[in-house]
Amino acid sequence: MRVRIDPERCRGAGQCAFTAPEVFDQDEDTGLVVLLLAEPPDTARPAVERAAAACPNRVIDLR
């Protein structure tokens with residue numbers, strides 16, 4: 001799985017960082033999403049999929 005984000009559409013809800021903290025974080029200054037792992041391990045897949053589904057602005061793209 002490959003993860004891409006669109007930080008331009010992020011509004012800093014933080015659901016991604018809460019749901020999959022090994023893959024996503026939030027910038028301390030802006031609160032916007034920070035992608036930590038573009039190719040997370042298969043074990044992270046369920047959490048990453050939940051994070052993508054929980055994102056209110058749909059900024060997470062999974063391929």
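Begin by selecting R2 and E39, whose side chains meet in a salt bridge with 3.0 Å from N to O; a salt bridge here is a side-chain nitrogen of Lys or Arg within 4 Å of a carboxyl oxygen of Asp or Glu. This pair links distant parts of the chain, since R2 sits in the segment before strand 1 (3–5) and E39 in the loop between strand 3 and helix 2 (45–54), 37 residues apart. Helices (H or I, at least four residues) and strands (E, at least two) are DSSP runs, numbered from the N terminus.

The model is a predicted one, in which local features need pLDDT of at least 70 and side-chain atom pairs count only at pLDDT 80 or more, while totals for chains, interfaces and linings use all residues. Residues are numbered from 1 along each chain as its sequence is written, and side-chain values use heavy atoms, with hydrogens and water left out.

Now colour the pair by accessibility: E39 is exposed at 57% relative accessibility, whereas R2 is partly exposed at 39%. Buried means under 20% relative accessible area, exposed over 50%, and partly exposed in between (1.4 Å probe, protein chains only).

Next, select D6 and R9, which form a salt bridge with their closest N and O atoms 3.6 Å apart.

Then move to R63 and D61, where another salt bridge spans 2.7 Å from N to O. R63 is exposed, at 61% relative accessibility, but D61 is partly exposed, at 25%.
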